[in-house]
Each structure stands twice: as C-alpha cells, then as structure tokens.
Amino acid sequence: MDVQGNLADSITKTTFGDNWSAPAEYEYCFAHFDSSSPAYVAALSRFHYYVTGKDLAAGYYWRDRVLRQGLERQWTDAVEIERQL
C-alpha cells in the first residue's frame with residue numbers, strides 16, 4: 001500500500017523508525033474501511049504484529065468476527081444443504 005498525503009504528516013519515519021508503514025497502513029484503513037473489510041483486518045494484523053510480535057492474534061481476531069456475525073453457522077448450513085443435493 002502506498003501511504004502518502006495526510007498520513008505523512010501524522011505518521012513519520014521519525015516517530016516509528018523503519019517500521020512506519022505498519023502504523024500508517026492501519027491508520028489509513030481505520031479511516032477509510034469498515035472493520036470487517038479484508039484490508040482493515042490485514043492492516044490490523046500487521047499493526048498488531050508490529051506492536052506485540054505475536055503472529056496468531058490476527059487469526060483469532062478474524063475468527064471472533066466470523067462467530068459474532070453468525071457466518072460460520074450460515075456456512076455450515078450451506079454445506080449441509082449442498083451435501084443433501
């Protein structure tokens with residue numbers, strides 16, 4: 001993702017060093033995308049890794065979103081219907 005313009009003012013290499021792109025991408029996605037969008041989740045994952053160094057947190061976050069939205073149940077129902085056909 002190419003991050004320029006307004007983000008260059010608020011997130012700079014001076015503040016975050018060589019890893020400035022992870023916070024910049026997250027800030028951009030936070031401002032422009034819904035929290036359920038894949039771009040937002042990817043940016044959140046990168047930012048979380050930047051802060052904590054833990055790889056698996058993004059997967060747990062996505063799983064929680066899926067469960068809260070009831071999507072897993074819908075997928076299970078769709079698979080069952082397809083098996084019956």
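Start with Arg 83 and Glu 80: they sit three residues apart in helix α6 (residues 71–84), so about one helical turn separates them. Helices here are DSSP runs of H or I, at least four residues long, numbered from the N terminus. The side chains of Arg 83 and Glu 80 form a salt bridge, 3.9 Å from N to O. That term means a side-chain nitrogen of Lys or Arg within 4 Å of a carboxyl oxygen of Asp or Glu. Arg 83 is exposed, at 64% relative accessibility. Glu 80 is partly exposed, at 37%. The cut-offs: buried is under 20% relative accessible area, exposed is over 50%, and partly exposed is in between, with a 1.4 Å probe and protein chains only.

A quick word on the source. This is a predicted model: local features need pLDDT of at least 70, side-chain atom pairs count only at pLDDT 80 or more, and totals for chains, interfaces and linings use all residues. Residues are numbered from 1 along each chain as its sequence is written, and side-chain values use heavy atoms, leaving out hydrogens and water.

How many salt bridges does the whole structure have? Two. Arg 46 and Glu 25 also pair through their side chains, at 2.8 Å from N to O. Arg 46 is in helix α4 (residues 38–52) and Glu 25 in helix α3 (residues 21–32), so this pair ties together parts 21 residues apart in sequence. Buried or exposed, what is Glu 25? Buried, with a relative accessible area of 11%. Arg 46 is partly exposed, at 41%.

Methods
Helix = DSSP H or I, 4+ residues; strand = E, 2+ residues; numbered from the N terminus.
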